[in-house]
Amino acid sequence: MCLICERIDMITSGTNPYFVKELETGYVVIGDYQHFKGYTIFLCKEHVTELHHLPKDFRDKHLSEMADVSQAVSTAFSAEKMNIESLGNGDSHLHWHLFPRKFGDLGNYGHDGKGPVWWLPFEEMYSDEKRTSGRELEQMKQQLLVELEN
């Protein structure tokens, strides 16, 4: 079973602490690591590797919902710019990374404070200090849920 399917199984069994909301075509979760405050992932309910593998009606709905999630993340976490990516090189189950960006959030790794999130060293982006849990996680989930329900 793939990692994304395992995460979805945790959602459906009520054991995924990062779960925010179920939509028609996917699940919204707060990212485990929060260098970019509000980092969210939208997991497709269908186990496909590529967007073009989805039936057209489902794909169109999924893209519409992904855009709605992006808007909610942007508002909830006061983004100056949103970065949205579907890579799948590590976990090939279709999912979206939604990064709310703010000027200078790359520190010394950006060019004039600008650049893709992946310029940040892996060890820094996924360091233990960036893992969210407890009260902070619950607050972030609530902030996002409020916007998703608007």
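**Entry 1: surface.** I began with the accessible surface of this predicted model. The protein exposes about 8200 Å², and 49% of that area is supplied by carbon and sulfur atoms. I then looked up burial, and found that 43% of the 150 residues are buried.

**Entry 2: charges.** How many positive and negative side chains does the protein have? I counted 15 positive and 24 negative ones. The centres of the two sets lie 4 Å apart.

**Entry 3: overall dimensions.** Does the radius of gyration agree or disagree with that of a compact globule? For 150 residues a compact globule would have a value near 15 Å, and the protein has 15 Å, so the two agree. I also noted the box filled by the C-alpha atoms, which is roughly 40 × 35 × 30 Å along the principal axes. Next came the contacts with a separation of 6 or more: 54% of them are between residues 24 or more positions apart.

**Entry 4: element order.** I listed the secondary structure and got four helices and five strands. Read from the N terminus, the order is α-β-β-β-α-β-β-α-α.

**Entry 5: strand β2.** Which residues sit on each side of β2? On one side I found G26, V28 and I30, and on the other Y27 and V29; both faces are covered.

Then I followed its pairings. Strand β1, residues 19–22, pairs with β2 in the antiparallel sense over three bridges. The hairpin that joins β1 to β2 runs through three residues. One bridge I wrote down by name is E22 with Y27 of β2.

β2 also pairs with β3, residues 40–44, again antiparallel, over five bridges. There, G26 stands opposite C44 of β3. My summary for this entry is that β2 has antiparallel pairings with β1 and with β3.

**Entry 6: H93.** I moved on to the loop between β4 (81–85) and β5 (95–101), where H93 is found. Is H93 buried or exposed? Its relative accessibility is 1%, and since buried means under 20%, H93 counts as buried. I looked up its contacts, leaving out residues up to four places away in sequence: H93 touches C2, I4, C5, I8, C44, E46, H47 and V48. C44 was already on my page as the residue opposite G26.

**Entry 7: L63.** Helix α2 spans residues 56–76, and L63 lies in it. With a relative accessible area of 29%, L63 is partly exposed. Which residues does L63 touch, not counting those up to four places away in sequence? I found L51 and W96. I also took one distance: L63 and F77 are 14 residues apart along the chain, and their C-alpha atoms are separated by 21 Å.

**Entry 8: S78.** I went on to the loop between α2 and β4 for S78. What is the phi of S78? It is near 50 degrees, a positive value in a residue other than glycine. I made a note of this because most residues other than glycine have a negative phi. S78 is partly exposed, with a relative accessible area of 49%; the exposed class begins over 50%.

**Entry 9: the loop between β5 and α3.** Two residues here got a closer look. W119 lies in the loop between β5 and α3 (122–125). W119 is partly exposed, at a relative accessible area of 45%. Leaving out residues up to four places away in sequence, W119 touches L106, Y109, G110, H111 and K114. I also checked W119 against H52: they are 67 residues apart along the chain, with 28 Å between their C-alpha atoms.

G104 is found in the loop between β5 and α3 too. At 33% relative accessibility, G104 counts as partly exposed. How far apart are G104 and I8 in space? I got 33 Å, C-alpha to C-alpha, for a sequence separation of 96 residues.

Notes:
Residues are numbered from 1 along each chain as its sequence is written. This is a predicted model: local features need pLDDT of at least 70, side-chain atom pairs count only at pLDDT 80 or more; totals for chains, interfaces and linings use all residues. Side-chain values use heavy atoms; hydrogens and water are left out. Helices (H or I, at least four residues) and strands (E, at least two) are DSSP runs, numbered from the N terminus. The radius of gyration is taken over C-alpha atoms; the globule rule is 2.2 Å times the number of residues to the power 0.38. Buried means under 20% relative accessible area, exposed over 50%, partly exposed in between (1.4 Å probe, protein chains only). Contact means heavy atoms within 4.5 Å. Accessible areas come from the Shrake-Rupley method with a 1.4 Å probe; for residues, only the protein chains shown count as cover. Lys and Arg count as positive and Asp and Glu as negative; His and the chain ends are not counted. The place of a charge is taken as NZ of Lys, CZ of Arg, CG of Asp or CD of Glu. Two strands pair if DSSP finds at least two bridges between them.
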